[in-house]
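Here is a walk through a two-chain structure, to be read with the sequence and the coordinates side by side.

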Amino acid sequence: MAITTSRLGRVLPGTKATPARMVTEDPTSPTGGVTLTDDGSGTGSAGSILSGQASLARAATEREKFLQEQAAAQAALQRQQQGALAQAAYLRGQLGAGIPTSISGEISAQETAGQKYIEDQAAALLGQLQQRETQARGMTSTGYSNLMNYLARTQPTAFAQAQRVQPQTVQSALGQYMSGQGVSPAVAQEAANIANVQAAGGAANYNQLLDVLAAREQAAQQSRQSEAEMGLTSQLANLQSIYGAGTASLEQQRLAALADLSSRISAARLQAQQDQAARDRAIQDALAGLIGTGFVPPTETEGGTAPGAEAGVEPTPEAVQQTAVQALAAKLPGIRNETLASNIAKFVAQNPNATAAQVKKAFPKLGANIG
Amino acid sequence: MAFDPAIYEAARRSLFDQYAQEAALNAYQRYLAETRGQRPILQLEEAAFGRTAAGRLGEVPRLTSSYGRRGLQGMNVSSGVYKQALENYAKQRERQLGYSREDLAGTLRGYDLGATQAQQRFESGLADVERSKARQIAEDAQALLNLR
């Protein structure tokens with residue numbers, strides 16, 4: 001079997017190192033100085049024997065050196081592969097982890113605190129508005145009640161209580177004397193009677209004027225009382241209107257603030273999701289780099305083929321899941337036994353498509369929880 | 001404007017002062033008018049009988065003594081001229097007295113009406129002050145509610 005080595009004598013992945021056929025050279029030998037043996041022994045003359053022994057010793061030394069280099073290369077390869085698998089397992093564990101709990105929790109906390117602040121502010125302002133509305137209603141009612149009480153208590157008295165006049169009737173002062181002189185007093189009394197009638201008419205007119213003015217005065221008083229009642233009703237309606245506009249404005253401000261808060265929280269969540277997507281892309285890029293080294297086999301979602309899956313066939317849930325080898329590789333970071341870790345890395349490298357049964361057979365303890 | 005009750009107290013004082021001045025002036029003018037009005041009445045009464053030495057109205061009309069001096073009136077003398085003259089005089093006298101009394105009563109009623117109107121303005125002004133106060137309180141309350 002041919003041996004494929006690198007220039008540094010390291011075994012390339014996918015090859016198997018086997019004991020080499022030893023070659024020695026001896027120009028004095030009839031056979032051209034060349035004796036080929038499988039175990040490094042040979043035959044010849046005494047001189048040639050000594051020379052051959054020296055050659056054999058060198059060959060043995062070279063062989064030992066080669067074997068050590070080969071073992072070191074194998075160990076380095078295993079470490080690289082082990083590290084790559086561990087790194088891939090870590091990255092796959094981080095992939096799709098979602099928004100970190102601390103960030104999503106902070107965003108939710110800010111949302112809750114913001115909502116509480118807005119609701120508290122709105123409630124406080126509404127309380128102040130209600131307090132002022134109550135105070136305003138009280139002031140208005142008191143003011144108009146005082147006015148109505150005053151109007152009821154202070155009825156107009158100017159014309160109502162103005163003294164009505166009585167007509168002054170007079171008798172002719174000369175009547176008795178005229179009778180004594182034999183002159184009839186009827187003519188003089190007639191003039192006195194006419195004057196009395198005129199006086200009575202004047203008094204009646206004046207009293208009637210007072211009555212009219214008193215009625216007008218009373219009507220004005222009733223008008224004032226009605227005005228006061230209407231004023232109270234109107235002012236209370238105005239206050240109610242202002243209060244309604246105030247509550248509507250507060251509600252509008254509250255809703256606007258909540259909408260603004262919601263918008264900012266959504267923006268924060270979107271930013272967190274974008275950050276997480278960018279992180280996933282970075283992880284995927286890193287995984288792609290690892291897969292490109294050949295140390296890490298790709299999963300089906302990463303462009304590999306799930307075990308048992310065929311082209312054009314919908315993969316089964318089992319195929320989509322992590323393969324047995326991947327599950328075995330994922331256990332590497334937790335293994336402290338270097339020999340066991342080396343064996344696992346070697347098995348994973350040599351059997352990337354091993355089934356769960358094969359994994360269980362190779363590693364009974366670790367494979368118990370696989371598949 | 002904030003509510004300031006002192007403004008309404010000042011308005012109330014102003015109304016009362018104005019009413020007091022109007023009432024005093026009216027009362028004084030009424031007194032003068034009554035004095036002037038009583039004068040023609042008194043003159044008419046005195047013109048008929050004259051005054052005695054004690055200052056009282058006389059018991060015999062001056063008209064009688066005038067006709068007596070001309071022999072048209074006296075003891076056992078009765079003339080138609082005197083009777084006609086006495087009748088006309090008494091008639092004119094009652095008529096003039098009636099006019100004068102009615103004029104005086106009308107003038108005094110005018111002053112009484114003026115006093116009553118002044119009182120009415122005073123009462124109405126007080127009601128207006130109370131109304132303005134109530135409205136100012138209501139407007140202040142509305143302004144208070146608008147402060148938000």
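**The interface, a helix pair and the cores**

Between the two chains, 47 residues of chain A are in contact with 37 residues of chain B, contact meaning that the C-beta atoms, placed from the backbone, lie within 7 Å. This is a predicted model, in which local features need pLDDT of at least 70 and side-chain atom pairs count only at pLDDT 80 or more, while totals for chains, interfaces and linings use all residues. Residues are numbered from 1 along each chain as its sequence is written, and chains are lettered from A and ligands numbered from 1 in the order in which they are written.

The side of chain A that touches chain B takes its largest share, 20 residues, from helix 4 of chain A, helices being DSSP runs of H or I with at least four residues, numbered from the N terminus.

Within chain B, the axes of helix 1 (residues 5-49) and helix 3 (residues 80-146) come within 9 Å and cross at roughly 175 degrees, where axes are lines fitted to C-alpha atoms over the stretch in contact and angles run from 0 to 180 degrees between N-to-C directions. Helix 1 of chain B is therefore roughly antiparallel to helix 3 of chain B, a term for angles over 145 degrees.

In the largest nonpolar core, of 19 residues, those touching the most other members include Leu85(A) and Leu328(A); such a core is a set of buried Ala, Val, Leu, Ile, Met, Phe, Trp, Tyr and Cys residues joined through C-beta atoms within 7 Å, and buried means 20 or more other C-beta atoms within 10 Å of a residue's own. Helix 1 (46-94), helix 6 (324-330) and helix 7 (338-350) of chain A each supply at least two residues of this core.

Definitions and conventions: Parallel < 35°, antiparallel > 145°, perpendicular 65-115°, else oblique. Buried ≥ 20, exposed ≤ 12 C-beta atoms within 10 Å, placed from the backbone.
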